[in-house]
Amino acid sequence: MTRLDYRKFVNLVMLTLTGVCTFTAVSLLFLILGYLVWNGSRSIDWNFLTKLPLPTGEVGGGMANAIVGSITMVGIAAVIGLPIGFFGGVYLAEFGGRGFSFAVRYMADLLNGVPSIVIGVFAWTVVVVPMHQFSSLAGGFALSLMLVPITMRSTEQFLGDVPRELREGALALGAPKWKVVATVVVPAAMRGILTGMILGIARIAGESAPLLFTALNNAFWATGITQPTASLPVMIYTHAIAPYDDWHRQAWAAGLLLLCGVLITNVAARWILGGGASAQKA
Amino acid sequence: MAPSTILAGTARQTRGFWSRLRTGDEVAHLVTFAFAAIVLLMTILLAVGLWKTSGPSQAKFGWKFLVGTNWDPVAGDFGALPFIYGTILTSVLALVISVPVGVGAAIFLSELAPPKLANACTFLVELLAAVPSVIYGLMAIFTVVPLLRQYGEPFLKRTLGFLPFFQGPMLGIGFLAAGLVLSIMTVPYIIAISRESLMSVPRDQREAAMALGATRWESTSQVVVPYARLGIFGSVFLGLARALGETMAVTMVIGNDPSIHASLFASGYTIASVLANEFTEATGKLYQSSLVELGLVLFLITIIVNALARLLVLATSRKGTARTA
Amino acid sequence: MTKWKTLILASAVALGLAGLAMAQSINAAGATFPYVIYSKWFEEFRQARPSIEINYQSLGSGAGIQQLTAGTVDFGASDMPMTDEQIGALKVKALHFPTVLGGIVPIYNLSGVNHDLKFTPDTLAGIYLGKIAKWNDPQLAKDNPGAKLPADDIVVVHRSDGSGTTFVFTDYLSKVSPQWKSQAGANTSVKWPTGTGQKGNEGVAGMVKQTPGSIGYVELIYASQNHLTYGLLRNSAGTFLKADTNTVTAAAAGAAKNMPDDFRVSITNSPGKDAYPISSFTWLLIPSTISDGAKKKAIVEFLNWMLTTGQKDASGLGYAPLPKEVVAKETKQIALIK
């Protein structure tokens, strides 16, 4: 074999290998989705969606309280985290002074890198212990800590993408800066900002670790946001590690529900953004 | 100065402040500043809170905490080494598997695939990144673990059993299972960021290599990849930072054994897992503060790795021309 | 899809609001050992008295004691009576209320063996000490003639969390094996010489169910509900017994007559020819002073219900009801809650 033939052979082999790598990576998603659909779709029924969990070992029962609990806590996190992230992002993009902006950005990055279990520990010391109570409020607070850096970074990014000409045109017409930002810049970047917010919410909806010692869990309906509550991710965890087959069945169903919610939200968000450039990573 | 003059002066200044505030700009500035400051304060509060709560164990163990191998809640003796070992071992194992696959896929998607296919595949891979950790754990318990226990580990034992890494009882759960699951979770990040780095390499580099007679693969491996290597390293570090902090999926398959074993088949523990498992039952100030100190160690490790990652990714995107978002 | 989701959400919220309207919520955490009967009790009690909801989370006895100490739950539950040190750390004194009796069984997963294995104190301790490493060890074979024991490794499973079940099990091992006592001792968390840890009785049962050649220790109901084989143990009188309502009740016979006032007692390795060696009471840890009047009323109501109606559920779920003398003594203790 000539040297050229050898090189051509190596070329073919290596390039095929990279194709195999891609195929592996992509097929993983389909494997996970397929497995969940296969195992979970048989278990999602009216019972699952509307009933409370039954005592251990009894068959049947559902996760209605977990579904509502997850929605409640994501709602609380959104109410706390989205405004902070949004206005913080507006500050960084429009009003920021150099030193302070750098500090804020750095701290937000830091917060983003905190492992979710450590955020749970922090929320326990700051909310649960003083309140003498596990609660959805604590869980929502923990989730909001994760939502803030994501929202802030994406808001800042998309505001920064708005072309200078738009701002300068508005200013030239005599509008004060705050009016320019509120009525021209933000609406222009709204699509991207909304996408960032939706992706952030999808991300925290699936988090389980911060809820372990903040919202704890509940066998029944939470009677208010100052009471512990069940949530889908925590239920999946407890049911998956239990020995009961019926609980496994329910864990698959919950997993399917959660994954569908997260994936649909992700796809919708990217579709809003208009495809092409991939949205926020990491 | 007479008190009345001072008061009058202060009143004038205050009035000035409030009158300036009547303009929308100042209000907007103040409001958004306040929100930004909240973020700053929250993070500082978190770091300070962690530091203070871990006070008792810092006082008792000092630096020995980081190299102590004993984790004995009953005797009150705590050491971080088994958890640091487990965290680093599972993360490194994850990277050993996911970096070749990830970079390979990134090369395929940036160099070889037709644009439509590349975009579709990238989109699907990014969806993988959105899958919650607990679902990976759920999948792992019922697929990865039994497969490892019945086929994977016996196979490794038969072929590579002379190495200390592949000895001992084969349970399915343990370092190997955790490493495998983590590798699946880090692959999307490596693919996404490596692909961006590779695409930011200027076209002329490739074309020059081809003009000199290089095959596609040679131009990629000897010219493009080295050019983009900083970004690829950055993606590796980012994947590492993710893997280090992963909690749920690892907790479900790691085996919960706070000791150091050479074998990958053995059970172990990571910092995130021990926090998830033991925090609710940590009685006594010393136990709790030892756990929080572990959390602090993890926090510091992830800060350093994240910072390195961003520096590296930044370095490539500055070097590359053209390809802006 | 969206309309369907809205309908589900609306009905769920409506149900939630209905509950929100009236229920008194009480939160508790603790042992996994009695979780099966507790979850049944709290559900039954809620059916009987819909305005009281007791949310019990099975996190393990260690967590029950810790959360009670931190004040984040209204009461705790543990299979290990609190030590004087732990009681000293409480801001409000806690009273121990025994609820049921249970037995801990050695579960194992050996597909080829079709009759129940016998374990002596020495073999059980040897397995958990790591000295007996294979199923066909001569000591095991001696006690089980005729059983075709495979030459596989014994995979030891224990608890990874702070567990009252662990306390009862290691308390028994400490009583029958001096080597165990010196090496590991008895506590909710010990330095296990060998094996892998799982969370909760549920985790141990799940692990043994899925791992061939494994052995673990769980409360009886976890073995029977999950169709796991469990072995016989030799008690102090020399008889090999399986755990069930009668043998566990027999273990408590002595304690029933001589119950201390604070109800903290251990009944492992009890004398008596029918006494199952690894038996235990399990306790609810109720604060002696409850400032919230409505909560206090609800808890007192539950305790009274538990000592009368609740006891009827015990044998159906493999636990044993409390001896009459203990129930009488406890009823008097309820009056001490202020």
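These legends describe close-up views of a predicted model.

**View 1. Two domains of chain C.** Domain 1 of chain C puts 24 residues into the contact, and domain 2 of chain C puts in 26.

**View 2. The side of domain 1 of chain C that touches domain 2 of chain C.** Three elements of chain C give two or more residues each to this side. They are helix 3 (61-70), strand 4 (94-108) and strand 12 (279-287). By class, this side of domain 1 of chain C holds 11 nonpolar residues and 12 polar ones. Charged residues number 1.

**View 3. Helix 9 and helix 10 of chain B.** Helix 9 of chain B spans residues 203-211, and helix 10 of chain B spans residues 216-227. Their axes come within 10 Å. The crossing angle is roughly 155°. That angle is over 145°, so helix 9 of chain B runs roughly antiparallel to helix 10 of chain B. The crossing of the two helices is right-handed.

**View 4. Residues in the contact of helix 9 with helix 10 of chain B.** Helix 9 of chain B contributes Gln205(B), Arg206(B), Ala209(B) and Met210(B). From helix 10 of chain B come Ser219(B), Val223(B), Val224(B) and Tyr227(B). By class, the contact has 5 nonpolar, 2 polar and 1 charged residues.

**View 5. Leu216(A), a residue with positive phi.** Leu216(A) is not a glycine, yet its phi is positive, at about 55°. Leu216(A) sits in a loop of chain A. That loop lies between helix 8 (177-205) and helix 9 (232-240). Leu216(A) counts as buried because it has 29 C-beta neighbours inside 10 Å, and 20 or more are enough for that class.

**View 6. His227(C), a residue with positive phi.** His227(C) is a residue other than glycine with a positive phi, near 50°. His227(C) belongs to the loop between helix 10 (220-225) and strand 9 (229-230) of chain C. Here 9 other C-beta atoms lie within 10 Å, so His227(C) is exposed. The cut-off for that class is 12 or fewer.

Methods:
Residues are numbered from 1 along each chain as its sequence is written. Chains are lettered from A and ligands numbered from 1 in the order in which they are written. This is a predicted model: local features need pLDDT of at least 70, side-chain atom pairs count only at pLDDT 80 or more; totals for chains, interfaces and linings use all residues. Two residues are in contact if their C-beta atoms, placed from the backbone, lie within 7 Å. Helices (H or I, at least four residues) and strands (E, at least two) are DSSP runs, numbered from the N terminus. Ala, Val, Leu, Ile, Met, Phe, Trp, Tyr, Cys and Pro count as nonpolar, Asp, Glu, Lys and Arg as charged, and the others, Gly among them, as polar. Axes are lines fitted to C-alpha atoms, for helices over the stretch in contact, and angles run from 0 to 180 degrees between N-to-C directions. Angles under 35 degrees count as roughly parallel, over 145 as roughly antiparallel, 65 to 115 as roughly perpendicular and the rest as oblique. A crossing is left-handed if the near helix is turned anticlockwise from the far one by less than a right angle, and right-handed if clockwise.
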